[in-house]
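Please look over the sequence and the structure shown here. A short report on parts of the fold comes after them.

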Amino acid sequence: MATTLAARPLPQAIRRSRWPKKAGASRAVATAAAVERDERRPFTPHELPPVSPPSPRREALREAKPFSDFLTDSFSRQHDYLRISVTERCNLRCLYCMPEAGIDLSPPKTQLTSPEIFYLSQLFVNQGVNKIRLTGGEPTVRKDIVPLMQQIGSLRSNGLRELALTTNGISLHRKLDAMVEAGLTGVNISLDTLDPFQFQLLTRRQGFDAVMKSINRVQDMNRLGAGVKLKVNCVVMRGLNDHQIMPFVDMTRDQDLEIRFIEYMPFGGNKWEEQKMMPYAEMLDVIREKYPTLTRMQDAKNDTSKSWHIPGFAGRIGFITSMTHNFCDGKTTTSLQMDGEEGWISKERQLLDVIEPPSNVKRPNMPAWAELENMKNRPMILIGG
């Protein structure tokens with residue numbers, strides 16, 4: 001599930017604990033400044049009064065065990081993974097993701113505030129969600145991303161097990177220590193080439209060294225016990241970066257990470273052409289030419305990628321087959337918007353009603369290539385990619 005959200009500071013001071021000295025984190029204890037409560041929202045999530053009178057349906061939700069009916073669809077699939085797009089802004093202009101001129105940002109009034117994001121996270125976790133991923137745009141450009149993660153990380157006592165981030169890695173290394181302290185358990189870093197010059201061509205920006213610094217920082221922290229699952233996402237485009245497949249694969253020889261190759265998808269403004277799309281099967285053939293022992297792994301329930309491993313290698317390889325195999329079945333996207341005080345209190349039941357129907361509809365398979373190429377589609381940046 002994904003929702004378009006806004007950037008505003010959280011309504012209370014948050015103090016983060018220190019990362020252990022052995023991890024080399026800054027000794028300074030960062031404290032987020034308290035901000036005045038927005039007059040339009042007189043309640044914080046911690047102060048929300050109960051809805052009165054509670055509906056029988058809502059009371060049933062409280063007793064739903066082991067998993068909420070609202071997040072269990074008609075095929076008995078339990079939707080326990082929530083993706084939240086926290087911003088549309090990005091500091092790169094990747095060829096496959098965003099038009100060179102950028103995009104028209106949604107009006108601020110249509111986006112959720114930080115307290116609302118936390119409120120919704122709380123609502124989903126209470127219904128059975130145990131993994132939340134923050135995406136964008138580029139989530140690290142959000143000024144209050146660390147305090148927001150600290151708030152969401154506090155839901156571990158409510159059942160949240162994983163707090164993950166999808167990022168381009170440009171500024172991650174500067175905020176990673178604080179994010180790990182907040183409860184970060186996984187990070188996906190987008191990187192489409194290991195060539196610094198080509199990086200600038202593909203992203204229309206500089207920043208290769210910063211991305212590599214972020215990848216290395218995650219690995220350094222993991223060697224000291226941080227336990228952050230690291231994945232590197234590479235969108236493969238024939239004739240542009242397909243020659244980078246093997247250098248990425250070779251990274252998994254000694255590095256404990258997952259390299260995920262993504263089939264090139266058409267989005268508004270990315271000039272997609274079928275001949276640029278390199279299918280999963282062809283990528284496998286390229287890798288098997290050098291590593292014939294490449295072996296399929298068992299995927300977890302909510303994995304969007306197909307995992308493979310080369311015996312003796314420390315890391316593994318994944319493929320997101322967004323064009324040639326089913327990709328969207330069983331996944332739902334919901335856009336949520338709450339207006340004023342009423343959105344916080346009396347609309348909670350309506351919010352659950354909004355959540356339930358999409359999860360009870362079996363999504364159709366991806367359209368055929370020709371259909372998808374000609375569909376009116378939004379830039380990838382607006383889809384929480």
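Predicted model: local features only at pLDDT ≥ 70, side-chain atom pairs only at ≥ 80, totals over all residues.

## Strand S7 and its partners

Strand S7 pairs with S6 in the parallel sense, over five bridges. Within this pairing, Val187 stands opposite Leu230 of S7. Strand S7 is also joined to strand S8 (residues 258-263) by six bridges, and these two strands run parallel. Here Val232 has Ile259 of S8 as its bridge partner.

Is S7 mostly covered or mostly open? Seven of its eight residues are buried, so by the cut-off of under 20% relative accessible area the strand is mostly covered.

## Helices H4 and H6

Two packed helices are described by the angle between their axes and the distance between the axes. For helix H4 (residues 172-182) and H6, the angle is about 25° and the axes are 9 Å apart. Angles under 35 degrees count as roughly parallel, and H4 and H6 are therefore roughly parallel to each other. The crossing of H4 past H6 is right-handed.

On the H4 side, the contact is made by Leu172, His173, Leu176, Asp177 and Val180. On the H6 side, Ala210, Lys213, Ser214, Arg217, Val218 and Met221 take part. Sorted by class, this contact of H4 with H6 holds six nonpolar, two polar and three charged residues.

## Helix H3

Helix H3 (residues 145-153) is mostly covered, with nine of its nine residues buried. Among them are Ile145, Pro147, Met149 and Gly153. Gln150 and Gln151 are buried as well.

Strand S9 and strand S10 (residues 306-309) run antiparallel and are joined by two bridges. Thr295 stands opposite His309 of S10.

Ser305 lies in the loop between S9 and S10. Why does Ser305 count as buried? Its relative accessibility is 4%, and buried means under 20%. Beyond its neighbours within four places in sequence, Ser305 is in contact with Glu258, Arg260, Asp299, Gly318, Phe319 and Ile320.

Note on methods:
Residues numbered from 1 in each chain as written. Heavy atoms only, no water. Buried < 20%, exposed > 50% of the residue type's maximum accessible area, 1.4 Å probe, protein only. Helix = DSSP H or I, 4+ residues; strand = E, 2+ residues; numbered from the N terminus. Pairing = 2+ DSSP bridges. Contact = heavy atoms within 4.5 Å. Axes fitted to C-alpha atoms, helices over the stretch in contact; angles between N-to-C directions. Parallel < 35°, antiparallel > 145°, perpendicular 65-115°, else oblique. Left-handed = near helix turned anticlockwise from the far one by under 90°. Nonpolar A, V, L, I, M, F, W, Y, C, P; charged D, E, K, R; others polar.
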